[in-house]
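Notebook open, model loaded. I wanted to look at helix packing and then at the pockets.

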Amino acid sequence: MKRVFGNVIFASAITLSVYIALYMFWGLILSGITDHALINLVTSLITAISYGFFLVYTSKVRDSVGEKEVISDYKNCEYSSVFDDFKCVLKREAKVFLVIFCIVIMCFILNTIDSSLFEKKTISFPTFIFAPMCMFETVIDNSVFGYAVSAVLNCIFYIVFLLIYRIKKYRYWTMKKA
């Protein structure tokens, strides 16, 4: 669980760094749009997609953990479908989803306490590192629904990138094996 938590934090830190580094680029692209809600939506969506990608990288690609899992899962059988692999991924990644939801809930609670009691960032300041995981809060005004959408989309994009990675690794592994 400690490793899962570390990967989730590391992916969030990478996503936040990339977001900050590319902020001027995003600003130029989105400067023609006058609707701030649309800008927030596009930025949040791109950030959630990026977070899913970086989470796959930090948890599966970086230490070849994902490749070992694919080899283990399909050592004695063939890759039958994305749906079957999806079921396998859901079981294996339940801890990751739990950590993502717990972090997003913690961010919601701390940000709600800050906005209710202090009306500025006081006790929620450390949640800044998790901003990429809670971006839809800016689209759906400080509601629990915005945080929930963030958590769900983070998990969905993580699964999508993980399934793509697993298919590629399986094909590479079977071609190498033949």
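Helices here are DSSP runs of H or I with at least four residues, strands are E runs of at least two, and both are numbered from the N terminus.

Who makes the contact? I found V4, F5 and V8 on the α1 side and K95, V96, V99, I100 and I103 on the α6 side, with contact meaning heavy atoms within 4.5 Å. By type, that contact has 7 nonpolar residues, no polar ones and 1 charged. My classes: Ala, Val, Leu, Ile, Met, Phe, Trp, Tyr, Cys and Pro are nonpolar, Asp, Glu, Lys and Arg are charged, and the others, Gly among them, are polar.

Next, the geometry. The α1 and α6 axes sit 10 Å apart at an angle of about 55°; the axes are lines fitted to C-alpha atoms over the stretch in contact, with angles from 0 to 180 degrees between N-to-C directions. The pair is therefore oblique (under 35 degrees is roughly parallel, over 145 roughly antiparallel, 65 to 115 roughly perpendicular, the rest oblique).

Housekeeping: this is a predicted model, where local features need pLDDT of at least 70 and side-chain atom pairs pLDDT 80 or more, while totals for chains, interfaces and linings use all residues. Numbering runs from 1 along each chain as its sequence is written, and side-chain values use heavy atoms, without hydrogens or water.

Overall, I count 7 helices and 0 strands, and the C-alpha trace spans about 60 × 35 × 25 Å along its principal axes.

Then pockets: open sets of points on a 1 Å grid over the protein atoms alone, where a 1.4 Å probe fits, with protein on both sides within 12 Å along at least five of seven lines; lining residues have an atom within 4 Å of a point. Volume is the space filled by probe spheres on the points, joined across faces, edges and corners.

The largest pocket holds about 650 Å³. Its lining has 35 residues, with A131, C134, M135, E137 and T138 closest to the centre. That lining splits into 17 nonpolar, 13 polar and 5 charged, and α6 gives the most, 6 residues.

The second largest pocket has a volume of about 220 Å³. Of its 15 lining residues, R3, V4, K60, E69 and V96 lie nearest the centre.
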